[in-house]
Amino acid sequence: MSNINFLKPDRTNLNTFLYLGSFLFFISILDVFLNSFFRLNLTGFLPNFLSFLLPLALGFVGLYFIRIEYSGIKNLDLLNKHINTNNFNAVLSLLIIFVIIKSLPPILSWFVIDASFAGDTKDVCTGSGACWTYIKVWMRRFMYGMYPNAEQWRINLSFVALMLLGSVGYFATDKFKKYLTLYYVVIYPLIAFLFIFFFISGGPVFFDFSYGIIAAILSIIIGFFIPSKFKFYYFLIVPLALYIILKYFLFFEEYIELGKLDGLNWVETGAWGGLSLTFIISFFCLIFCFPIGMAFALGRRSEFPLIRYISVGFIEFWRGVPLITVLFMSAVMFPMFLPEDFFIDKLVRAIIAISLFEAAYVAEVIRGGLQALPRGQYEAAKSLGMGYWKMHIFVILPQALKLVIPGIANTFLALVKDTPLIFVVGLLEIVGMLNLAKTNPKWLGFAMEGYVFAAIIFWIICYAMSKYSYNLEQKYKTDR
Amino acid sequence: MNFKLKDIVPQLITVLAVVLVFSFFTYNAQINMENRGIDFGYGFLSQESSFDVQFSLIEYDGSHSYFRAYLVGLLNTILVSVIGIIIATILGVIVGIARLSPNYLINKFAAFYVEFFRNIPLLLQIFFWYFAALRALPLPQDAEAMFGVFFLTIKGLYVPAFIWQNFNIFFYSITAAIISIIVIRAHAKRVQENQGKQIPVFLISIGLIFIFPLLSFLIGGVKLSFEVPVLKQLATTSFIYEGGVSLPPELIALTLSLSLYTATFIAECVRAGIQGVGKGQKEAAASIGLTPNQVLKLVIMPQALRIIIPPTTNQYLNLTKNSSLAAAIAYPDLVLVFAGTALMQTGKAIEIVSITMFTYLTLSISISILMNWYNKKIAIQEK
């Protein structure tokens with residue numbers, strides 16, 4: 001009797017087991033599928049808990065039967081290897097398959113089948129599904145905030161122009177490739193800033209800011225022509241002097257008025273909002289926090305103890321407090337610290353606060369890269385007679401930054417995900433606009449649609465960014 | 001002479017700049033406060049607060065001081081952080097291990113979870129749970145009981161309360177069990193090192209941790225009863241549950257979103273840690289005859305933990321700091337109670353914001369000191 005084997009397949013009864021197992025597995029999935037998609041309950045005659053467990057038990061037995069090592073059938077081997085290695089795995093696989101089948105119909109019907117797309121009043125949303133009409137009607141608000149409808153082309157045009165200018169790197173010929181860093185680090189931010197300053201705002205928003213930025217960029221450009229011997233003193237003195245000259249002697253507010261394009265109305269920052277504000281804030285904080293963070297990373301590794309202590313204190317302070325309290329500080333505490341007649345726009349305050357906050361994280365990431373470089377790199381650079389700045393700019397930082405691309409990308413992702421917090425200072429980007437729209441008496445009860453919509457948008461942005469950073473990491477990967 | 005001008009000048013200039021900026025700020029602050037007639041000082045902490053807080057762990061009402069309000073907020077913050085950290089760790093470890101599963105479906109499911117939840121802003125998730133998902137729950141009168149005692153309603157989760165008699169004896173019994181387990185472990189280790197005999201420590205420990213409390217129930221006179229929440233009608237359409245413990249929906253939404261969000265990051269840390277242990281380690285351990293359990297416990301985990309702990313500490317810190325987003329859904333945490341309500345009432349912006357920031361700094365630094373100590377304990381002891 002020993003050669004009759006009921007429970008384990010062998011060479012003689014392999015096919016029987018195969019067919020029986022596949023049949024049971026198929027039946028169990030079919031049962032759940034019919035139950036979920038067509039509300040058919042094949043096992044309705046059984047008691048409640050049995051009919052719930054039956055497909056699981058059937059599928060389990062089926063998978064047990066077809067768990068044949070090296071059957072020689074390619075697909076079966078693949079199946080066994082991937083979802084059916086042992087009993088425990090088989091049960092988990094079955095549960096996951098059932099959960100997917102069970103959750104598909106409600107999700108599909110909410111998103112598409114029962115959802116309403118047409119019309120532009122609340123009355124069309126009678127079905128049990130989502131009300132995408134709500135999103136359609138409020139789309140402009142979600143994208144542009146309270147920016148006047150007639151002026152929104154300015155935002156669109158600026159963003160399109162900036163995207164085109166930003167993609168220059170892909171089309172640059174080899175001849176121009178070496179200028180790309182200069183372009184992206186210095187010229188492109190300036191262009192972007194001018195676009196946002198003159199075009200989107202069209203008014204006196206960023207005055208003080210603009211002096212600072214113009215002074216910084218001018219001094220960097222001139223700095224390329226200064227002999228390296230004097231560079232240190234140059235950068236100590238000139239930017240500040242330039243800023244003071246621009247602010248108090250040369251660059252009166254009338255000049256900015258002159259530079260204004262005719263016929264553009266001033267849109268104050270309180271009216272900015274929606275997704276475009278998310279982009280603006282992320283963009284500015286990104287270009288500010290990177291140099292600040294780099295400076296503090298270098299400061300933390302400086303040989304001068306005082307600079308080191310100050311850098312450590314700065315970094316640890318910002319990393320220890322939540323962003324929301326930083327924004328609270330910029331909203332209620334910061335105005336107390338300024339002269340009474342001195343007013344900084346709240347968007348600018350928020351940008352400064354977020355930039356400083358993220359700069360501390362960027363600093364720690366870059367420090368990791370600096371520490372990961374072998375000492376030999378420093379020694380080699382020094383032995384070639386390079387000074388501190390030359391060594392860092394040409395030898396250390398290019399390598400260190402390549403190492404920390406994933407970390408920097410994560411920090412920037414965190415930055416994008418932190419932008420909704422500016423509701424604290426009263427600015428409403430897309431999540432804030434959703435909360436506002438939700439309380440509109442004409443459109444009560446569509447919170448879910450709004451949040452799902454924003455979640456999809458943020459998910460696409462963040463996922464694309466993380467995939468892009470992964471590509472960059474692969475591209476710049478150097479074997480050491 | 002060892003020092004050069006070039007070494008001193010940058011330091012001096014930096015310090016000078018920092019001092020200038022700070023004195024500029026304090027000077028302005030003084031003038032501003034004088035003009036507005038506000039005086040600087042922390043004396044307001046002992047004044048009567050005269051506002052109420054929805055949910056507090058300690059006894060609190062309007063007649064208590066601002067300092068008490070601060071404590072209420074701080075305790076609520078710690079409560080939500082601790083619950084969040086526990087859930088996020090459990091979930092993160094499970095998902096992180098699932099990410100390494102050879103099972104294709106489990107692997108992809110875990111990957112989907114990680115990619116999905118970590119690419120959506122936390123604030124959006126909190127809003128989603130609070131304003132959209134939890135608002136779809138039934139009213140108290142329509143709620144169905146889970147296991148007959150839990151009620152999940154739009155007004156929060158109601159769970160039965162434990163009512164202990166002679167709780168201190170129960171507590172002593174648990175302490176005794178833990179101490180005896182530690183003693184037995186030490187003894188077992190000694191026996192194994194000296195005689196090579198293995199004592200089933202795990203089984204004995206489980207036995208002890210059940211036997212001691214059981215004895216306390218049988219002999220020590222400890223009694224445990226449950227107070228089940230009961231539906232009570234206030235008006236014709238208004239119902240509440242009385243008795244038991246009620247967890248407000250803000251707390252549920254906050255812990256849910258915090259732990260779901262942070263678990264994705266912890267999962268990635270765990271995955272990186274386990275992947276970071278070389279394959280050779282596992283094979284070497286197996287080849288000297290350790291059982292699979294021993295391989296995991298004695299070889300893989302100690303090495304993996306070394307990689308896992310530093311980034312996980314960061315995630316714990318992030319969770320604690322992110323718990324301040326509670327202010328957005330009116331969960332009475334430190335930011336809402338103190339930097340929100342108390343600030344509005346007293347107008348002491350500088351004092352209150354500085355206390356709040358200092359508290360978070362202290363929390364962060366204490367967590368990182370604790371974890372650094374643990375990290376140092378398990379680090380490689382180099383000779």
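**Where the chains touch**

Guide: This is a predicted model. In it, 47 residues of chain B are in contact with 42 residues of chain A.

Visitor: Which elements of chain B give two or more residues to that side?
Guide: Six helices of chain B do: H1 (5-36), H3 (104-118), H4 (122-133), H9 (292-322), H10 (334-346) and H11 (349-378).

Visitor: And which one gives the most?
Guide: That's H1(B), with twelve residues on the side of chain B that touches chain A.

Visitor: What's that side like by class?
Guide: On chain B it has 32 nonpolar residues, eleven polar ones and four charged ones.

Visitor: OK, switching topic. What domains does chain B get?
Guide: The assignment gives domain 1 as 46-84 + 91-160 + 228-308 + 318-377, and domain 2 as 170-218. Taken over C-alpha atoms, the centres of those two domains of chain B are 32 Å apart.

Visitor: What about chain A?
Guide: Chain A is assigned domain 1 (14-113) and domain 2 (135-147 + 267-475). For that pair in chain A, the C-alpha centres are separated by 47 Å.

Visitor: Back to chain B: which strand does E4(B) pair with, and in what sense?
Guide: Strand E4 (residues 161-165) of chain B pairs with E5(B), antiparallel, over five bridges. One partner to look at is B:Phe162, whose bridge partner in E5(B) is B:Phe226.

Visitor: How many of the five residues in E5(B) are buried?
Guide: Zero; strand E5 (residues 223-227) of chain B is hardly covered.

Key: Residues numbered from 1 in each chain as written. Chains lettered and ligands numbered in written order. Predicted model: local features only at pLDDT ≥ 70, side-chain atom pairs only at ≥ 80, totals over all residues. Domains from an automatic or database assignment. Buried ≥ 20, exposed ≤ 12 C-beta atoms within 10 Å, placed from the backbone. Helix = DSSP H or I, 4+ residues; strand = E, 2+ residues; numbered from the N terminus. Pairing = 2+ DSSP bridges. Contact = placed C-beta atoms within 7 Å. Nonpolar A, V, L, I, M, F, W, Y, C, P; charged D, E, K, R; others polar.
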